[in-house]
Amino acid sequence: DGTAGSGSLDLLADSVLVDASSRIDASGAGYTGVASGAGTGPEGGGTSASAGGGGGHGGAGDDGASPDCATVAGVGGGTVGAIDGIALLGSAGGAPGASGVTGGSGGGAVRIEAGVIDLRGRVSADGYDGAVAANDEGAGGGAGGEIVLLASELYCSGVLSARGGSG
């Protein structure tokens, strides 16, 4: 939930195998989305009366739009610079003020350091989608988290994913 280091996996080993039937999934394990407010995290999405902006991380979150798409409503979060060798949590999307819908939670952080990493399965740190109210007021999606792989030998035929959620 983005507090006290939760939502993170920091693995140090001689060798790591994620086989084709396995996965490491930190999706939605970053900063937690909240109802009717700005997204949590260093670059959480903004809030307005009718929409929330997307959470930012490696790239900026998109601005929210009013239900008629005429005005910006809820500014997207900015970018967080990479810190060498450290995986960071994704920020949450913002939610509109009165609708009660929740912004999407950000993706978690996965850091694997090993002499050999053999990735045949999936490692995910995706952000969750923001919710939409019955009156079309919508919350921003959470930012994707971060995946850091440090290895002398890296074999990767699997999938790495740290996408932001839809808003």
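Figure 1. At 57% relative accessibility, Asp-10 counts as exposed; here buried means under 20% relative accessible area, exposed over 50%, and partly exposed in between, with a 1.4 Å probe and protein chains only. The model is predicted: local features need pLDDT of at least 70 and side-chain atom pairs count only at pLDDT 80 or more, whereas totals for chains, interfaces and linings use all residues. Residues are numbered from 1 along each chain as its sequence is written, and side-chain values use heavy atoms, with hydrogens and water left out. Asp-10 forms a salt bridge with Arg-111, the closest N and O atoms being 3.2 Å apart; a salt bridge is a side-chain nitrogen of Lys or Arg within 4 Å of a carboxyl oxygen of Asp or Glu. Because Arg-111 lies in strand 3 and Asp-10 in strand 1, the pair ties together parts that are 101 residues apart in sequence. Arg-111 counts as buried, at 18% relative accessibility. A salt bridge also links Arg-111 to Glu-113, with the closest N and O atoms 2.9 Å apart, and Glu-113 is partly exposed, with a relative accessible area of 30%.

**Figure 2. The salt bridge between Arg-120 and Asp-118.** The side chains of these two residues meet at 2.7 Å, N to O. Asp-118 is buried, with a relative accessible area of 15%, while Arg-120 is partly exposed, at 44%. Salt bridges that share partners join Asp-10, Arg-111 and Glu-113 into one network. The structure holds three salt bridges.

Figure 3. Strands (E, at least two residues) and helices (H or I, at least four) are DSSP runs, numbered from the N terminus, and two strands pair if DSSP finds at least two bridges between them. Strand 1 and strand 3 (residues 109-119) pair in the parallel sense over 10 bridges. In strand 3, Ile-117 is the bridge partner of Val-16.

Figure 4. Three bridges pair strand 2 with strand 4 (residues 122-124) in the parallel sense. Ile-24 has Val-123 as its bridge partner in strand 4.

**Figure 5. Ser-36 in the loop between strand 2 and strand 3****.** Phi of Ser-36 is near 55°, a positive value in a residue other than glycine. Most residues other than glycine have a negative phi. Ser-36 counts as partly exposed, at 30% relative accessibility.

**Figure 6. The protein chain as a whole.** The chain has zero helices and six strands. Of its 167 residues, 44% count as buried.
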